[in-house]
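Q: I would like to learn how to read a few features from a set of coordinates. Can we go through them one at a time?

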Amino acid sequence: MNSSVALPVLIPFATAIACLFVWNSTRLQRGITLLGTVGLLLSGLVLFQEVETYGVVSIQMSGWSAPYGITLVADRLGAIMVLLNGVVALTGVLYAFGSIDKGREKFGFYPLLSAMFGGVSGAFLTGDVFNLYVWFEVVLMSSFVLLALGGERPQLEGAIKYVTLNLLSSTLFLVGIGVLYGFAGTLNFADLAVKLAQTDRPELITVTAFIFLCAFGIKAAAFPFFFWLPASYHTPPPVVSGVFAGVLTKVGVYAIFRMFSLVYTQEMWLTHFIILWMGAITMLTGVLGAAVQTDIRRILAFHSISQIGYMLSGFGIAGVGISAAMAAGVEGQAERAAMLTAGAGMALAGAIFFVLHHSLVKMNLFFVAGAVKKLRNAEELEQVGGLYHARPFLGAMFLIPALSLAGIPILSGFWAKLALVRAGLEVGTYAVVAISLVVSILTLFSMTKIWANGFWAPPPDTPDGERGSDPGDEEDPPGYRLMLVPIVTLVVLMVAMSVLVGPAFRVVQKAADQLLADRVYIQQLWESSGKIERIDALLEERNYVTTVLGEEYLRALLMPIEEEAP
Amino acid sequence: MLIATLLIFGAALVGPVVHRLLGRFAAPVLALAPLAGFIYFLREAKRIFEGGSVFENWNWAPELGVMLGFRLDGLALLFALLVTGVGVLVVVYAGAYLKGHVHLGRFYSYLLGFMGSMLGLVLTDNVIALFVFWELTSITSYLLIGFDHQRKAARDSALQALLVTGIGGLALLAGLVLLGVLGMQASLDDPWSVSGLIEGLAGGAIDRDSGLVHGAVVLILLGALTKSAIFPFHFWLPGAMEAPTPVSAYLHSSTMVKAGIFLIARFQQGFSGMALWDTTLVVLGGITMVGTVFLASRQTYYKKLLAYSTTSSLGAMAMLLGLGANAAVGAMGYLFAHAMFKGALFLVAGNVDHGAHEKDTEKVGGLAGKMPLTFAAALLAAASMAGVAPMLGFAAKKLMKYGLHGSEWETILVVGVTAFSVMTAMVACMVGVLPFIGKLKGSAGEAHEVSPGLLFGPLVLAVLGVVAGVMPGWFAAPLIASAASSVAGAEKSVSIGLGSLMKADLSMALTVGAIVAGVVLFVVRALWRRATSPVEWLDVVGPARMYTRSVSGTLWLAWWQTRILQNGYLRHYVWTILGTTIALVGYGLYRSGIERIPLPIDQPFYFEIALVMFIMAGAIGASTIRTRLAVVSVLGIVGFAIAAVYVIFGAFDVAMTQFAIETLIVIILVLVVYHLPRFRSFSTPISRWMDVLLALGFGAMMTVLALLAADVTLSGPISDYFAENAAPVAYGRNVVNVILVDFRATDTFGEIVVLALAALGVMTLLRLRASNPNGGTEGDGGKGEGA
């Protein structure tokens, strides 16, 4: 059933459209949206299951074969990301039910949210670089309106910066697509990958790689492009911050992962080295930014940047490892090459694991910040305080994800960090490992800052040594209990992922291996040109390239070279 | 062993519930968990004493090299018994000490959580699991030190302890993983097991001379020394005394701070003999041993005295471990004795605080009559601490000195150890004697003996210290011997009659002399403090000050860089992004040989040149003209000229679209301009030149890119397929339209969604305003960036 690839895209848009039809009834909109997000999650699960069975699933939209039509394709990474999108959507919508105000509900909050999830699914599933641009636009427009919805002054200030810088990203993206199309004459990822793998002018390809790196770097909020994120994340209602933290920057990170593992593998020693250091500086500068903030959501926003850095440097380690392995292979050091390749696999798996971990944890922390805001009507740490005593349960729900974010064992953040540290040491990127560990202690520092000032410290106007109001003294504000449902759900998911790290890590490892295998496969494909039996054997394999492009097209592509061969 | 560990973690989880259900009986019930572990380890003890060891292995995440592998050998046994045994006493003590505290339930959780982590730490045989438990002890310790969370001092010292041990912890992680990676490269069977790695190091499979091994040594030592509060990281431990007393007794004397010593002991066989390892331990351990006991001798607060003397003892153990196989028995012996007497003394301090409400040893006196049992425990423990025969402490001091023999450092070390003994004896008098003798003083008048729950712990520990000293062969000697032999390696193990060595004999004049000197020092302590007061200036350059400075320095750096980067000006953000893009892409173009790009100047059409002139003039005009209306019309010129370019190249439909859009934009802008505020220029000349520069740079970049895209074709475009198939297969003669609605309909769908969203956005932005009372929000958003 190939249509399962399209469902995660279609369901949210159908939901959004259905909501528009019942514009005047927020209750119906709530119902439809809940149904739609459950549908999205289920379709994500179905897709995940199918990818688990077949490896890769794809569908040709409008029935035109690749590379001429648009392909939607799910490999393991894509399926994982779509599943994540489903989790974020469902918990986000539940949280919205408890926290969003009537005004925003009346003015299209739910359809905007659904459209964003649709766009995100599209970005995770598309197999076409221009189509990716379109989904980026959908995500940008819906997130911009969500950000500005409500029209509060700070919101508008943040939204202007958000949209300006992201439009810059779109422009660069479009420029990149144009130049790339000029070079390669195609837009399909798999087709690009196959065609560009065999070029005699890799430096030219790298020029376009740089353009995309800048475009995606803005989206992912990497150094030195991250400015829109701290300017905007803390301004909208917490549910919006949370959902943004869950999937928005991940779209940029995913785009980098996809393009630079499939298409841009010509000069990994350069491109991925830049990504590695971009990530390293991003994580450092983000965490330093967080260290001086005193507002809960601002701290969290800066940490998002820092964590994006971890993901990127993990990806960079993988790339640097692969290119070092290739060099070692050329020099005949097979053992060393195998070590480096294993390290690269570990790095990539760790980076993907980090994406999942960070989505769940950061979203949860934003949700807790929202709950704190609901309780205390404040986000400045000085004005909060006393929650450890008054709200022990909320305290636990903050502390667990916060420690996870800081990479404390046995929580998910630790496993992600461990994978990256180990991979970094295996590949030999010692400086980046050192930076990541320094960042880790600074992360712990700012998480304890929230904990010590927001939870441990007495409430404002209470002298040092007193605890403040007792548990049960304060009544739950309306919607508070409903807000706890997604919070608890996310904590449970994260803890499950932490304790069952064996199986969880196996999933991302398979995804990473699959990504790395694509590059090797394309290499083999070209190396075997001219040897018909070898090509036949290779084309029988089921992977990203064969699933998208089909045997016939690939054979035709390899034919001319076949004829030239003696 | 997994079960014993999990049992304690389980007790931690249900702690608050048990507390709520059982009230004051919760402590004894919860203490059953460590008790069960204690009994289990006792039962295994015999096998260990005979030189055996017990292994267990469970898979956790083999992909990451993480196994729950456990190994019980002599060293692990000693620690496991301490952790569970003292653990039982402390849980019972805490139940009585914190009776009625609102957060007692949570306290049980943290304490038992710590206990489980500590037990796991000493038992595990997997380096990653070792770190996992290590870090868990740091976090639970953070929660315990900050237990009196409403006080700022408690919160701050909790953070200090967490940061110092946290930094060390991360170094340890790097060191351990590095070792594992080296193990992988050396193709060890199980590169992630502690025993496997040590074997690899000792056996030469891993080259100990390599730089990476030295790196691993530095990192692992950093972890161990921070955790065990060895100079220059000793300062966090006195700060950690903000914790409730049972915590100080358990974490900061008996167990957690000894985790660093454990780690050193564990890796002793792997690294011993490396100059870096040995020298670091002897020098830093020695400095800590003498230096911090000196600091202790100048204190008067009960727990500070104990804290500084604890760091000093830890220093002594580290120093002994640096001396190699011979001294291992001294290290283990002293460690065991220290856990007994220091644990007891901390609990005594808690009792004095509880019974007489006094934390300063000088301000209270004559408690002996009021609190006789506490006094008994204090006296026995202090005697052991001072090294009085026949206490265990006496035997331990002898074992220590035995370890110094034959060292190249012997003379200076003997001097150091003697100074250490003298001042330790003095401190012992201050904590074990001073509050109890003399006239009733301070709050002692209203003092009362404490409840049995509070007496149980210190008495048991103090009495054990005596029993172990009098009858060393019963349990103390085999325990110490088996621990020492797993530290030093079975073949190198001390084959001396440990029992007889530990027996009290009066031949050691030095020991007796030290005690006497200590007592003298105690008597003249006021004079001593005055005489040594010049050292106070050390505070200014001391490590504690360095800690404060580096924290504030980091924060300043963070503030500065954030101020520069995230300064709130959109203009600067755009500059940075464009500048980086131009630099990066420019570099890419430079290295790809753009000089080879042919400029298409061979056959210029005058018509095209004219259009380009129009466009350029329009662009220049738009950026220099100061009235909005004029800018709008000049921009219109640019748009129409571009559309004309499309016409020249035959793209009539695109041109038509462009004409329509341009017309609409000009009309809309003209309509809007009327409503806008007066035009004002906010930019400075410098920033305007920056704009010019970046615009030119970006323009140049785009020009080169466009020329490049037109010049280079690596493979044929797919558009041929569209042209061929549009009419016959897709039944449309307008290829562009067919692409939009058929070949790439999904793109069009997406763009329609974008338009719909934009329309929705415009509507909501106009109608739902914070200032609009009808659709007003509740001010749910946060604050702006506040540039």
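Q: How many disulfides does a search of the whole structure find?
A: The general idea is to look for cysteine sulfur atoms within 2.5 Å of each other. This is a predicted model, and the search over all chains finds zero disulfides.

Q: Are A:Cys19 and B:Cys429 buried or exposed?
A: A residue counts as buried under 20% relative accessible area. A:Cys19 has 0% relative accessibility, so it is buried. B:Cys429 is at 12%, and therefore also counts as buried.

Q: What should helix α18 of chain A span, and how far apart are its end C-alpha atoms?
A: The expected span is 1.5 Å times one less than the number of residues. Helix α18 of chain A covers residues 430-456, which is 27 residues, so it should span 39 Å; the end C-alpha atoms lie 37 Å apart, in agreement.

Q: How many residues of α18(A) are buried?
A: In α18(A), 22 of the 27 residues are buried, which means that the helix is largely enclosed by the rest of the structure.

Q: Where is B:Ser157 found, and is it buried or exposed?
A: B:Ser157 sits in helix α6 of chain B, residues 152-185. Its relative accessible area is 6%, so it is buried.

Q: Which residues does B:Ser157 touch?
A: Leaving out residues up to four places away in sequence, B:Ser157 touches B:Ile145, B:Gly239, B:Ala240 and B:Glu242. B:Gly239 is 82 residues away from B:Ser157 in sequence, yet their C-alpha atoms are 5.4 Å apart.

Q: What does the side chain of B:Ser157 reach?
A: The side chain of B:Ser157 reaches the backbone oxygen of B:Ala153, at 2.8 Å.

Notes. Residues numbered from 1 in each chain as written. Chains lettered and ligands numbered in written order. Predicted model: local features only at pLDDT ≥ 70, side-chain atom pairs only at ≥ 80, totals over all residues. Heavy atoms only, no water. Helix = DSSP H or I, 4+ residues; strand = E, 2+ residues; numbered from the N terminus. Buried < 20%, exposed > 50% of the residue type's maximum accessible area, 1.4 Å probe, protein only. Contact = heavy atoms within 4.5 Å. Polar contact = N/O pair within 3.5 Å; in protein donor to acceptor, adjacent residues only side chain to side chain.
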